[in-house]
Amino acid sequence: MWGILVCILLVPYILLYHIGILPTLDEMFKVAEHNSLFDDKMARPAVESRVQGAFLFTWILLPPICLFLLMFFLSFAKRFFNRPNAITTFCSKHSINVYVLHYIPVLILQYTFLNIPIPSLTKIILMVIIVIPACLWLSHRLVYPYPKTAIAFFVALKLIALAAGFTFYYFALLALIFISFAGAVYESARWYRIERRTGLETASYIEQ
């Protein structure tokens, strides 16, 4: 039911956005780029009433689409993936911390990747691969077991950044992201080796 409702609302939303909004946005971006590069300034294109109506309609459609998508994913997961295991239990325990922590790493990596000439999709995939394990590891090692220490650490980092400037804050957080990511990779590999060794020992014991 939720999937059908999503499809019903997504079709007009996508059509309105791609037909009624994107052409005007494309013209605006071209004018903005031209004005930032050259001295002969171009006038910004006028937004017609039909484009304003498309903006308004998509703005109205977006909240129910997000709500129906959420209900669809929850229903789908409950129906087909409601089988708790060690990985899902671990992620569930740290989900709220990851939700709180992920915002700043995403902004920092956006700034880092800003002038790197690779496709946007590649940047998004890299950010997902780096940010989720890093935030999980940081929550597992610092925030979840030592919440007061974690708060003090981040407040101290922010105060130092106010005195030292944005460059310090940027490189400190970038270093923290990659240290956390490296820690997550190391612990995942170590856990995999332990599990594999335990499985082999169990299999050998059963054979004997």
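Predicted model: local features only at pLDDT ≥ 70, side-chain atom pairs only at ≥ 80, totals over all residues.
Student: Is cysteine 135 buried or exposed?

Tutor: The cut-off for a buried residue is a relative accessible area under 20%. Cysteine 135 has a relative accessibility of 3%, so cysteine 135 counts as buried.

Student: How far is the sulfur of cysteine 135 from the closest cysteine sulfur?

Tutor: A disulfide requires two cysteine sulfur atoms within 2.5 Å. The closest cysteine sulfur to that of cysteine 135 belongs to cysteine 91, and it is too far for a bond. The distance between these sulfurs is 12 Å.

Student: How many disulfides does a search of the whole structure find?

Tutor: Cysteine 7 is in no disulfide, as the nearest cysteine sulfur, that of cysteine 66, is 15 Å away. For the whole structure, the number of disulfides found is zero.

Student: In which helix is the confidence highest?

Tutor: The protein chain has an average pLDDT of 86, and 95% of the residues score at least 70. Confidence is lowest in helix α8 (residues 166-207), with a mean of 83. The highest mean, 92, belongs to helix α6.

Student: Which element gives the largest share of the largest nonpolar core?

Tutor: This core has 23 residues, of which Ile108, Leu109 and Leu173 touch the most other members. Two or more residues come from each of α4, α5, α6, α7 and α8. The largest share is nine residues, and it comes from α6.

Student: Which residues does isoleucine 108 touch, not counting residues up to four places away in sequence?

Tutor: Isoleucine 108 is one of the residues that touch the most other members of the largest nonpolar core. With those sequence neighbours left out, its contacts are Tyr170, Leu173, Leu174 and Ile177.

Student: What is the relative accessible area of serine 180?

Tutor: Serine 180 has its place in helix α8. Leaving out residues up to four places away in sequence, serine 180 touches Pro133, Ala134, Trp137 and Leu138. Serine 180 is buried, and its relative accessible area is 1%.

Student: Within what arc do the buried residues of α7 fall, seen down its axis?

Tutor: The buried residues of α7 are Ala150, Leu157 and Ala161. They line one face of the helix, because they fall within an arc of 35°.

Student: Which residues are exposed on the other side of α7?

Tutor: A residue counts as exposed when its relative accessible area is over 50%. On that other side of α7, the exposed residues are Lys148, Ile151, Leu159, Leu162 and Ala163.

Conventions. Residues numbered from 1 in each chain as written. Heavy atoms only, no water. Buried < 20%, exposed > 50% of the residue type's maximum accessible area, 1.4 Å probe, protein only. pLDDT = per-residue confidence, 0-100. Helix = DSSP H or I, 4+ residues; strand = E, 2+ residues; numbered from the N terminus. Core = buried A, V, L, I, M, F, W, Y, C linked by side-chain atoms within 4.5 Å. Contact = heavy atoms within 4.5 Å. Arc of directions from axis to C-beta.
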